[in-house]
Amino acid sequence: MPLPRVLRRSVALPLVTVVILLGLAVWYVFSGYGAGLLPQSSWGPWREKSVDNWAVRVRVNSWSDAAEAYVHMGKAEDFTMEAYGTSADATTVMDGTRFTLAPGGEVTGQRPKEEGAK
C-alpha cells in the first residue's frame, strides 16, 4: 500500500534539510576550517625545525587541510600559529621576524631589512 501523498512530502523536506546540513558540516571540518574539532589522533607527530634562529615545532592534520606550529626562542618569546584552511601569519615582537605557516605544514620566516642596508 503506497504512502499518502501528504506523508511523503512531510518526510522529504526534513530529510533534505538534514542531508544538506550534514554535507555543510562535513565540508567545514574536512576543508581545514574546522580542524580544531577533529580528534587528536588525526594529527601527525610534531616535527622540529629551525627557522631564522627560532625553534619551530609543526604538525599537520591527516584528515583536513590544516597545520599547527609552536614557535619559540628560549624563554624570550613564544607563540602558536594555526593554519586551518588558509595560511597563517605572525610577526615576533623581539626581532620583527615574520612567520608564515601554510596548511600543508610549510613554515617560512623572514627578518625585516635593516635600515640603511643595501
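Colleague: Which residue has a side-chain polar atom 3.2 Å from the backbone nitrogen of Gly 96?

Modeller: That is Thr 92. A polar contact is a pair of N or O atoms within 3.5 Å; within protein, one must be able to donate a hydrogen and the other to accept it, and residues adjacent in sequence count only if both atoms are side-chain atoms. Before we go on, this is a predicted model, where local features need pLDDT of at least 70 and side-chain atom pairs count only at pLDDT 80 or more, while totals for chains, interfaces and linings use all residues. Residues are numbered from 1 along each chain as its sequence is written, and side-chain values use heavy atoms, leaving out hydrogens and water.

Colleague: Is Thr 92 buried or exposed?

Modeller: We compare its relative accessible area with cut-offs: buried is under 20%, exposed is over 50%, and partly exposed is in between (1.4 Å probe, protein chains only). Thr 92 has 4%, so it is buried. Contact means heavy atoms within 4.5 Å. Not counting residues up to four places away in sequence, Thr 92 touches Trp 54, Glu 77, Phe 79, Thr 97 and Phe 99.

Colleague: How do the strands β5 and β6 run, and how many bridges join them?

Modeller: Two strands pair if DSSP finds at least two bridges between them. Strand β5 (residues 88-91) runs antiparallel to β6, with four bridges. Thr 91 stands opposite Arg 98 of β6. The two strands form a hairpin with six residues between them, and in its turn Gly 96 has a positive phi of about 75°.

Colleague: Which residues of β6 are on its covered face?

Modeller: In a regular strand, side chains alternate between the two faces of the sheet. In β6 (residues 98-101), Phe 99 and Leu 101 are on the covered face, whereas Arg 98 and Thr 100 are on the uncovered one.
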